[in-house]
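Here is a briefing on a protein model. Look through the sequence and structure below, then read on.

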Amino acid sequence: MAKAFFRLQKFLRRTQFLLFFLTAAYLMAGSLLLLQRTRLVIQQGPRGTSANQALPVPEGMAGVGIADPRMLQNPRPSPRLLVGTDTMQEPAPDQWHGPRWFVSRNSELRQLRRRWFHRFISDQEPMQTAGFKAMKHTAEHQGTYVGCFSDDSRERTLKGAVFYDLRKMTVSHCQEACAERAYTYAGLAYGAECYCGNTLPATASKPEECNSECKGEKGSVCGGVNRLSVYRVEELRAGARRRRNVIYRGCFRAPENLTDTFPASLIQPNLTVEMCSEFCSKKEFPLAVIRRRECYCGFPTGRFSLHDGADGQLCNRTRNASSAAEGKYCLVYQTPVQDTRCTDRKFLTTKSKVFVALSSFPGAGNTWARHLIEHATGYYTGSYYFDGALYNKGFKGEKDHWRSRRTICVKTHESGKTEIEMFDSAILLIRNPFKSLMAEFNRKYAGHLGYATDRNWKSKEWPDFVNSYASWWASHVLDWLRYGKRLLVVHYEDLKQNLIPKLREMVEFLNMTVTEDRLLCVENNRDGNFKRSGAKQKDFEPFTQEMKDLINRYILTVDEALRGRNFTGLPREYVPR
């Protein structure tokens with residue numbers, strides 16, 4: 001017995017040594033390979049090959065961690081991944097309303113989507129890095145440095161506008177953002193946060209306490225922890241842009257008592273739109289209201305909500321705004337100043353007892369809905385994924401773990417029984433599939449704010465995209481209807497058309513209360529930072545008749561499922577084309 005035990009002990013010692021030797025050899029081989037690839041990147045750099053191109057991502061890493069399916073850009077699936085995708089075309093007509101097909105197809109698509117690797121992140125990083133370098137050498141601080149000040153979030157004076165950019169914030173970027181909105185001062189904090197206002201903070205701090213380097217400009221200081229680096233914005237730059245940023249809101253019936261409705265006023269014999277807008281901007285009000293020679297400044301409120309516009313003929317829209325019909329009507333303009341009554345946000349102080357999802361198909365307006373919810377409730381929303389572009393624009397819940405329960409709700413595009421049953425309740429956001437598919441395709445090829453090119457639309461990628469993603473749109477809704485425990489169905493089109501009533505319904509579903517003035521503030525800031533800009537083709541129709549027939553059948557199936565669960569059917573504009 002002792003002899004056998006000795007042999008076993010001897011064998012284990014040899015095995016330990018062998019394992020140690022193999023581990024050391026593996027690490028050395030990996031180090032050599034890394035050095036070789038690094039040298040290859042350096043050698044290829046002058047010819048324009050990026051590091052991301054020189055180091056291909058192994059296919060097996062697709063399952064590591066949680067990745068947002070929408071962040072997987074420009075599909076380049078391998079032949080093995082495309083096995084069976086030909087069956088994504090059309091099932092037999094008698095199977096269109098069968099739930100089994102959608103369940104199996106949803107599982108198949110979910111696996112396929114999670115394995116698709118796209119080049120969005122690799123394409124964006126070099127561009128942003130190049131931008132930082134150019135900014136460092138060409139940007140000049142146009143404003144005058146005032147000093148370092150204490151920053152109290154509860155009694156902040158620079159609160160006229162707030163911007164976040166946790167990757168490329170610079171002093172010039174903050175100054176320009178404040179100048180575009182006609183503010184006098186720009187303050188930077190934490191290396192990435194920008195605050196605008198017309199009043200200096202009350203408490204000065206030691207210069208060395210502003211010690212945070214700007215995220216997008218090495219060598220420059222952007223405040224510190226609870227400290228603001230404050231600059232006086234260049235007057236000429238601000239003045240040159242004030243006229244351009246004044247937006248005409250319309251003609252409205254004046255409230256009975258203007259002085260009680262609006263907290264600031266000015267009477268000027270030769271009053272002009274520019275004079276009134278500049279006066280209200282200095283007072284940090286988003287609305288400039290003109291009646292004859294009188295200028296009033298304020299916010300949209302219950303007494304003056306801007307919901308019931310009057311016939312434009314009742315107001316005289318001349319440049320000097322010298323008169324309005326009998327003084328009963330007034331001209332309303334939006335100043336460059338941001339409405340800040342609803343911009344304060346924070347994490348929940350105690351963990352939420354109810355785990356709520358904000359679920360949608362990609363391209364259905366989830367980011368916009370998060371913007372509305374955050375500003376209405378004052379609390380951050382979370383995400384099942386991590387999108388750096390959203391985090392950099394102020395969605396701080398992106399970096400918080402999605403199961404922390406410190407956010408008011410959690411964004412997800414997932415479907416399937418396991419993923420859905422993790423949540424106690426959900427807001428299910430649905431958008432017209434034709435619009436959703438186009439929005440998601442734009443995002444995949446041009447980011448959150450751009451439009452795909454003609455070349456993208458005419459490529460083979462577009463029909464492949466429609467064939468795979470159209471069925472995902474339907475299966476996503478069907479799965480949430482089947483497995484969701486408590487649902488609030490919101491149609492994107494209804495939310496856009498009736499913002500305040502629908503947003504109030506969403507806030508109540510989240511078990512929160514909100515004032516009417518705060519909802520009006522949200523309405524005044526409804527677009528957020530992710531409204532697409534640039535050239536948009538008019539009457540653009542990328543869908544072939546075959547694509548329309550395919551999507552129309554999914555629309556009928558989803559409409560029937562919604563009505564079967566006693567929800568309102570799809571809006572009329574979803575009616576098959």
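**Disulfides and an open sheet**

The torsion about the S-S bond of cysteine 214 and cysteine 222 is about 90°, so this disulfide is right-handed. A disulfide here is a pair of cysteine sulfur atoms within 2.5 Å. By this rule the count comes to eight disulfides. The model is predicted: local features need pLDDT of at least 70, side-chain atom pairs count only at pLDDT 80 or more, and totals for chains, interfaces and linings use all residues. Residues are numbered from 1 along each chain as its sequence is written, and side-chain values use heavy atoms, with hydrogens and water left out.

**Cysteine 214 and cysteine 222**
- Their sulfur atoms are 1.8 Å apart.
- Cysteine 214 is buried, at 2% relative accessible area.
- Cysteine 222 is buried too, at 0%.
- Buried means under 20% relative accessible area, exposed means over 50%, and partly exposed lies in between (1.4 Å probe, protein chains only).

**Cysteine 174 and cysteine 194**
- A disulfide joins these two, with 2.0 Å from S to S.
- The pair links distant parts of the chain, 20 residues apart: cysteine 174 is in helix 5 and cysteine 194 in strand 4.
- Helices (H or I, at least four residues) and strands (E, at least two) are DSSP runs, numbered from the N terminus.
- The S-S torsion is about 80°, so this disulfide is right-handed.
- Both cysteines are buried.

**Cysteine 280 and cysteine 297**
- The sulfur atoms of this disulfide are 2.0 Å apart.
- Cysteine 280 lies in helix 8 (residues 273–282) and cysteine 297 in strand 11 (residues 294–298), so the pair ties together parts 17 residues apart in sequence.
- The torsion of -80° about the S-S bond makes the link left-handed.

- Cysteine 330 is buried, at 1% relative accessible area.

- Five strands form an open, antiparallel sheet in the order 1-7-3-4-2.
- Two strands pair if DSSP finds at least two bridges between them.
- Strand 1 (144–150) and strand 2 (161–164) stand at the edges with a single partner strand each, so one side of each has no neighbour in the sheet.
- Strand 3 (residues 185–189) and strand 4 (residues 193–197) pair over five bridges.
- Alanine 186 stands opposite cysteine 196 in strand 4.
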